[in-house]
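User: I am new to this structure and would like to learn how to read it. Could you take me through some features, one by one?

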Amino acid sequence: MTGLERVGRASDSDPMIIGVGAQTSIGLTLPATSAAFRSGINAFGRSEYLRQRKNGRGITLAFNTTLPHEDFAYDRMKTLALAAAGEALDPLRDRMADQLAGESRLPLFLSAPPPRPGLPDGSGARMVQELTDSLPVGVDRERCVLMDTGHDGGLALLGLAANMVAEGRSSACLVGGVESYKDIETLHFLEELNRLKTDEQPNGFIPGEAAAFLLVGTRRFARDIGAQPLAQVVAFSRAIEQSPWYMGEPTTGQGLTDALRGALDPQGDGRHSAAVTYADLNGESWRVDEWGYAYLRNAKQIEDPLELRHPADCWGDIGAATGTALAALCAFELAHPRVGAPTALVWSACDTRPFRSAVLIRRHPEMN
């Protein structure tokens, strides 16, 4: 699935990232998260009460220490989501009451964790319902979309939202992702799969938690609300990996290869390139293997030398929040040339299903 490929003269219908917000283990806002990431600060620490089943040692985690100690996954996700969504909606702060009332309600697209031990079925739908009741803007309930594919869901939804606004089906859309691994059943489930990073298992990830949201709208919508867009969504692509890691077969990385190619070179003319890449790398070797193949096959559209950013080194693995967190961080940093670059490739890979997604994002030309 590919889309957008909007090149040439700027159009009022171009899909823009207008607002971004995030709350992670390394920052309570997106600027704070970006600063911590650029400084190499991580939030890794060994829990005193969430312990491995095998040996009783504390599990290394990357959790937000400002949240109530007694709260677990679902309640933490809701708190994180409301904070991040509120930040992303900041460009609308002066027009919340009238601009988005009645027929101008925003669709909400949410990436949530897939069903798993420790997270009851229906948690994602419940989260959408509770967010629509609590957000400071009107939400178009009939056009809300929930995706529970995990890591890749946020980028897939960003692509859907960008198409929706570009085609005039909505002037704007709120896209978010949320995750928390703070549940002992979930952590023991990951341990049984040998996916937790431990002293005995270096090929694994450190569980984290986060929420990240993006306000996506047309160039015209940004102008109408008096907001300066951060970046433009140029192209996106989603593909299927035929040999995902959980099949136990050697990977070819073809799914990620196709997703990157669809975002970087949708017309096959070599017109686009990415100056920096925001990558869904979390410490698991299968992700590195897929990326290696995909990068080599798409290297002509990725500037040399390769500039690769993988924030999981600081905020841990953030599951269903990964896609939107990478895209939000990317848009924020593109808008600050001392940190960013003119164009960026963002990719993510689902760990329990074969979906791979990629988005090409370009700095808004008026940013300096």
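User: Is Cys 330 buried or exposed?

Analyst: A note before we start: this is a predicted model. Relative accessible area settles your question, and a residue counts as buried when the value is under 20%. Cys 330 has 0%, so this residue is buried.

User: Which cysteine sulfur is closest to that of Cys 330, and how far away is it?

Analyst: A disulfide needs two cysteine sulfur atoms within 2.5 Å. The closest sulfur to that of Cys 330 belongs to Cys 314, at 16 Å, which is too far for a bond.

User: How many disulfides are there in the whole structure?

Analyst: The search finds zero. Take Cys 144, which is in no disulfide. Its nearest cysteine sulfur, in Cys 173, is 8.4 Å away. Cys 144 has a relative accessible area of 21%, so it is partly exposed.

User: Let us turn to the whole chain. How many helices and strands does the protein chain have?

Analyst: Eleven helices and 13 strands. The C-alpha atoms fill a box of roughly 60 × 45 × 35 Å along the principal axes.

User: What radius of gyration would a compact globule with 368 residues have, and what does the protein chain have?

Analyst: The globule would be near 21 Å. The protein chain has 19 Å, which agrees. As for burial, 60% of the 368 residues count as buried.

User: What share of the contacts joins residues at least 24 apart in sequence?

Analyst: Start from contacts between residues at least 6 apart in sequence; 78% of these join residues at least 24 apart.

User: How are two packed helices described?

Analyst: By the angle between their axes and the distance between the axes. Here, take α1 (residues 30-38) and α11 (residues 322-334). Their axes come within 10 Å and cross at roughly 85°. Angles of 65 to 115 degrees count as roughly perpendicular, and α1 and α11 are therefore roughly perpendicular to each other.

User: Which residues meet where α1 contacts α11?

Analyst: From α1 come Leu 30, Pro 31, Ser 34, Phe 37 and Arg 38. From α11 come Ala 328, Leu 329, Phe 332 and Glu 333. By class, this contact has six nonpolar, one polar and two charged residues.

User: What is the general rule for phi and for peptide bonds?

Analyst: Most residues other than glycine have a negative phi, and most peptide bonds are trans. Now the cases here. Asn 194 is not a glycine, although its phi is positive, about 60°. Asn 194 sits in the loop between α6 (184-192) and β8 (209-218). Its relative accessibility is 40%, so Asn 194 counts as partly exposed.

User: Which two residues does a cis peptide bond join?

Analyst: Asp 304 and Pro 305, with omega about 5°. Pro 305 belongs to the loop between α9 (285-298) and β11 (308-309).

User: Where is Ser 243, and what does it contact?

Analyst: Ser 243 is in the loop between β9 (231-240) and α8 (254-264). At 11% relative accessibility, Ser 243 is counted as buried. Set aside its neighbours within four places in sequence, and Ser 243 is in contact with Glu 249, Pro 250 and Thr 251.

User: Is Pro 120 buried or exposed?

Analyst: Exposed counts as over 50%. Pro 120 has 58% relative accessibility, so this residue is exposed. Pro 120 lies in the loop between β5 (108-111) and α4 (123-134). From Pro 120 to Gly 268 is 148 residues in sequence and 44 Å in space, C-alpha to C-alpha.

Conventions. Residues numbered from 1 in each chain as written. Predicted model: local features only at pLDDT ≥ 70, side-chain atom pairs only at ≥ 80, totals over all residues. Heavy atoms only, no water. Helix = DSSP H or I, 4+ residues; strand = E, 2+ residues; numbered from the N terminus. Buried < 20%, exposed > 50% of the residue type's maximum accessible area, 1.4 Å probe, protein only. Contact = heavy atoms within 4.5 Å. Axes fitted to C-alpha atoms, helices over the stretch in contact; angles between N-to-C directions. Parallel < 35°, antiparallel > 145°, perpendicular 65-115°, else oblique. Nonpolar A, V, L, I, M, F, W, Y, C, P; charged D, E, K, R; others polar. Rg over C-alpha atoms; globule rule 2.2 N^0.38 Å.
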